[in-house]
Amino acid sequence: MIGKPLPPSCPHLSWVEINPAILQLEFAEQRWWIFLQVPQKDQTALQLPLDQRPQTIIWVGQFFPYGWLDSLRPPTAIAIAPYVSKDLRQAVAKYRGQLWVTGQGAIQWNPRQGFNSAVDL
């Protein structure tokens, strides 16, 4: 299912997968995956070549399956949640990824500087 485009009004948005539901947003030479559903713990992760993996993954919730993190190894992971566990932080740090948690402050992205905190805490 990877790369199936949505209606023509969304040229930079396509479906990656139906189950779990994953949208891909491509812009500024970036590939972001938006998980509309968090994969089940026992669901097999997508196995992709390095050049097809997302640079950023985004999901709603405090948990994301470690098997998927190990497979995708995104440089940036964003949890839309008030907090995440220490184990999840360690899982992302294991491959030198950066984890942002929206409940701990606003973040912003630009193509030159990447992600940073949008407010001074």
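Started with a charge on a ring: K41 sits over the face of F63, 5.2 Å from the ring centre. My criterion was NZ of Lys or CZ of Arg within 6 Å of the ring centre and within 35 degrees of the ring normal.

Ground rules before I go on. This is a predicted model, so I need pLDDT of at least 70 for local features and 80 or more for side-chain atom pairs, while totals for chains, interfaces and linings use all residues. I number residues from 1 along each chain as its sequence is written, and side-chain values use heavy atoms, with hydrogens and water left out.

Next, the fold. I get two helices and nine strands in the protein chain, in the order β-β-β-β-β-α-β-α-β-β-β. These are DSSP runs numbered from the N terminus: H or I of at least four residues for helices, E of at least two for strands.

Checked burial. Of the 121 residues in the protein chain, 36% are buried; buried is under 20% relative accessible area, exposed over 50%, partly exposed in between, with a 1.4 Å probe and protein chains only.

Looked at aromatics. The whole structure gives 10 aromatic pairs, where ring centres of Phe, Tyr and Trp (its six-membered ring) lie within 6.5 Å, and planes under 30 degrees apart are stacked, over 60 edge-to-face, the rest tilted. I picked F27 and W109, an edge-to-face pair at 5.1 Å centre to centre with 90° between the planes. F27 is in strand β3 and W109 in strand β8, 82 residues apart. Buried or partly exposed, I wondered about F27? F27 is partly exposed at 25%, and W109 is also partly exposed, at 23%.

Then helix α2 (residues 86–93). L88, A91 and V92 are buried there. They span an arc of only 95° around the axis, so they lie on the same side of α2; I take the arc from the directions from the helix axis to the C-beta atoms. Their cover includes β5, α1, β6 and β7, using contacts as heavy atoms within 4.5 Å.

Last, the cores: sets of buried Ala, Val, Leu, Ile, Met, Phe, Trp, Tyr and Cys residues joined through side-chain atoms within 4.5 Å. The largest has 22 residues, and W33, F35 and W59 are among those with the most contacts inside it. β4, β5, α1, β6, α2 and β7 each give two or more residues to this core. A second, separate core of five residues includes W32, I58, I78 and F115.
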